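Welcome! Have a look at the model below, and then let us walk through some of its features together.

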Amino acid sequence: MSAPAPVAAMPGGLLDGQELALQARGLSLDYGSRRALDAVDLAVPCRRVTALIGPSGCGKSSLLRCFNRLNDEIADCRIVGDVRVFGADAYAAELSLPELRRRVGMVFQKPNPFPQSVSENVAFGLRLAGLRARLELEDRVEAALRAAGLWEEVRDRLGESALRLSAGQQQRLVIARALAVEPQVLLMDEPASMLDPISTLRFEELVVALRERYSVLLVTHNMQQAARVADYTAYMQAGRLLEFDTTDRIFTNPRLRGTEDYITGKLARDEE
Amino acid sequence: MSVPAASFPPHSLTARFAARAARRQWRERWLGRGLRGLSLLLALLLLALPLFLLFNARIDDAWREALLPLLAGSFKAALYAMLVALPLGLGAAIWCARFATPGLRGLLKPVFELFEAVPAVVLGLIAALILAPWLAQRVLGLVLLLALLPLLALAAGWLWQRLAPAGWQRFWRGREIGLLLPLAALLVPLALGLGQAPLFASFAAQLQPASPWNGLVIGLMLGLATMPVIFTLAEDALFAVPADLATGAQALGATRWQALWRLVLPVAAPGIAAAVLLGFSRALGETMIVLMASGNTPLLQVSPLSGLRSVAANLALEAPDAVRGSVHYGQLLFSALLLFGLCLLLNALAEGVRARLRQRLAGS
Amino acid sequence: MASNASRPVQRRDLGLWLAAAAVSTSLLALAALLWVLLAQSWQAFAPAPVALLQWRDDAGEHSLLASVLAQDEQVLIVRGSEWQRRGDAYRRVLRSSLVHLSFPADALNLRLADGREILLRGSEQSWRGLDPQQRLVLPGADGEVPVRGADLVEVVAVNALSGWQRLGTGLQRALGFAGGTGGSGLFAALLGTVVLVMLMSVLVMPLGVLVALWLHEYAGNDQLARGLRAAIANLASVPSVIYGLFGLVLFVHGIGGSLDVLLSGTTAPVPHWGRGGLLWSALTLALLTLPVVVISVEEGLARVPPGLRQAALALGATRAEMLWRVVLPVARPALLTALILAVARAAGEVAPLMLVGAVKYAPALPLNGEFPYLHLSQQFMHLGHGVYDLALTGSDGPRDLAQAHATALLLLLVVIGLNASAIVVRNRLRERSRELSA
């Protein structure tokens, strides 16, 4: 591999001088004979929220899962191209996959807490690091829950099954679980699509707050959400990344017709 | 909402993770290898089983005399069992899967599943000690019962459809066995009594079995034991056929039975065939019932009123005392190998037709 | 749909009545089987009325106090006092030769520790509450029979019992039989069965779970996995007696025989490991139940929601950690189902055991206080095998046959209970996996 390029080929020197968390260059992905990503270039800056929008099935989730290599779990998935996390090749042979995934946390569309207690859920990753001391575990669980804005709601229910929390609480629990292992990047795959409006609002506030410490790549179907929380927005269609710009410009003055159609709802959007 | 600035404990986790990375990786790798090694060992063991039989099996000139009656006995037992198990198992499967109300189906299915779990030795005990001596006096009655039962069912159905008010018919729809059960229970003493009537005495005398432990007893009890096997598999196959297929046909005016016969049965046919094959394989290899209630006479006789000795029962009888390495031992192993091969063949055939059912269901 | 029912007679719909007849017949047969088993078992324990019989035949006039076991128009089957040994006092008495038949209210049935029953007339109180050390002399027909108080297990004034008392006495006897250690008790067979099944579980569960894990989580579709899958699927269709033969040839003669040579240097005249025993039986049953375990564990693994696996991996868990910390705990009810099904299958199997170690009478228990406590190479007694033995080779006629039915009933209850609980656990598992993925 060649030395990491400091900046991806982005239009107008958009990200010039910014530190990059994630980069993909010429990234193509096939499921068997079906092409899901076609020569995608993307750069995600540090400590910013980048939104990924586009019609259903355009490859947003596939792209997301290249950065923590969750696509490796799919048997007939082939990947060509360059994926970098903080400049390091994510597909290097000597790379430690668990370490990569620890640093690149992920939040899924459906809240998926383990069928254990609230605190055990958050402590899951910590136990992988060999943490056993009760006090330290408790401290870190509390810190993670605070960071996810859930502490006040569950401080008395730490021993309860996580499955008894509401959907919105479960989603924030899952974020706390990801934060507990001290990631640098958070991948979010339509994390608010199963939440009611109030939970969604709380969730969006959380994402904005998380921006101070983490780089966030957010897949969303909700245009208003992207407009509210994202600094940058990328538009994808049919496996290609068509446009990348600041959120303001994407929503007020997109360069491409397709982007505009999608944003204004002319292109069929699939709200779930 | 304001989120407090994250206040993590000062020292980061990175070092902790790094310290454990090597150990975790080692575990990960060796778990995969260990599991694979274990599976390989198991595969070798499974392969060794038939090979061990093969190397120790021996055939000599006398095998024909020794083995033919046993094989014939096995087939005789299995065939008579199928005569009982097929109508009962398939009929019950058809009823449960396509006609019974959901509640009734939820009740009947576990009953038959539990029936399948009844230990063979229990059935063998009843066959040998109770059924055999009881039946020896009542063969004619049994024949009458078997002949009259379907006639009774048809007559009851015909009268019911002709005479019963529509409201009653609607209520009992899917619950018809509730009507039939007491009738059948009444028929049993009636038919058996008729069989012992002085009028038929000469007839009954001809049906007097040579020994109480005979093919008839085996057929009945082994058939009952095989019935739930056939029921479970056939019921699954029939139930898997989408309901709208039959409902659509009924909307076009077909009766429930016509919808089943013309549409559902053809789709489910491979599954039913598999059920029959596996049921036959089970009957062929069943040991305890045959061992206890067949009389174990190694004679070539087709009549259901004579005894038999099957390959499986012969193994259970003779293998414990066979001297290792003797001709007898080799012969026993050869007969076991034969039975093993037959069952594998039937299983492979059943798997083949079942794959066809899956294709059909996926296609429809 | 409803309009269908109000239509005039549809003769073509009669076929479904045939199907209904099949269900009815099966249910009737099932009910008859259960009834026979219950009735026969009750016979084993019901206190039989004691009759005073007097009859005349060529040898002269006889008088006897005897339990009436069965009767019809021509004969009575009775059992008198067993002065010598159990099962030696059965007798057929022709009704035509009877001079006198009565059921005296003061007839007593004494049961001794060795299973013998002595019939006397007297007061119940005088026989109850004897000092265990006290020696008695029973006025036997062929002389006097010395007995200690401790030998006296049960004293019942049979003819004076009310209906409920009869039931109570019968149930008490049944319990005594199920737990009894004496010549006629089931304790040895019950213990043999339990130890065998536990040993089998210890062998088959780890193996089955690990192999299922490998097949479902690691193997994908490689050649070894395909072969193993096919082998396990076929294994499920092999008759159980063939497993017995596998066990006999491979474990008993193959491994056991070699062990004997290895340990003693020569072919021992009396084989120790090279004959049927507990370990070989457990191994054989483990092989027999392996397909059950692998298949139901695999089903359980497939039911673990994929979201949980991905969550664990995304947090940086290795595959091993994901399996150990998330998948296996969630699949625990499936493991329980697998275990119950395997135990239920193994508890009812008899045919393979006849070849690899179950015997009619084993002199010692497989698990006892003597070092090494668990005797792996020893032959053992077994419930199912006991049914077979009592039924076909019992020495005590009616009593053994009735006890065979009682043993069979116990076996049936154990197996049906296990299977029913497996069904319940599995249903709960399905509900839970639906909850998790909802």
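Predicted model: local features only at pLDDT ≥ 70, side-chain atom pairs only at ≥ 80, totals over all residues.

**Rings in chain B**

Over all chains, the count comes to 16 aromatic pairs. In one of them, the ring centres of Phe75(B) and Phe280(B) are 6.0 Å apart and the planes stand at 45 degrees, so this pair is tilted. Phe75(B) belongs to helix α2 (residues 63–99) of chain B, while Phe280(B) belongs to helix α11 (residues 256–285) of chain B, so the pair ties together parts that are 205 residues apart in sequence. Phe75(B) is partly exposed, with a relative accessible area of 29%. Phe280(B), at 14% relative accessibility, counts as buried because the cut-off is under 20%.

| Charged end | Ring below it | Distance to ring centre |
|---|---|---|
| Arg105(B) | Phe239(B) | 3.5 Å |
| Arg175(B) | Phe171(B) | 4.9 Å |

**The sheet in chain A**

Now turn to chain A, where four strands form an open sheet in the order β2-β1-β4-β5, with antiparallel pairing. Strands β2 (34–45) and β5 (88–89) of chain A stand at the edges with a single partner strand each, so one side of each has no neighbour in the sheet. Strands of a sheet pair through backbone hydrogen bonds. Between β1 (residues 20–31) and β4 (residues 77–85) of chain A there are eight bridges. Asp30(A), for example, has Arg78(A) in β4(A) as its bridge partner. Helix α1 (residues 60–67) of chain A lies across β1, β2 and β4 of chain A, at about 120 degrees to β1(A).

Key: Residues numbered from 1 in each chain as written. Chains lettered and ligands numbered in written order. Heavy atoms only, no water. Pairing = 2+ DSSP bridges. Helix = DSSP H or I, 4+ residues; strand = E, 2+ residues; numbered from the N terminus. Contact = heavy atoms within 4.5 Å. Axes fitted to C-alpha atoms, helices over the stretch in contact; angles between N-to-C directions. Phe/Tyr/Trp six-rings, centres within 6.5 Å; stacked < 30°, edge-to-face > 60°. Buried < 20%, exposed > 50% of the residue type's maximum accessible area, 1.4 Å probe, protein only. Lys NZ or Arg CZ within 6 Å of the ring centre and 35° of its normal.
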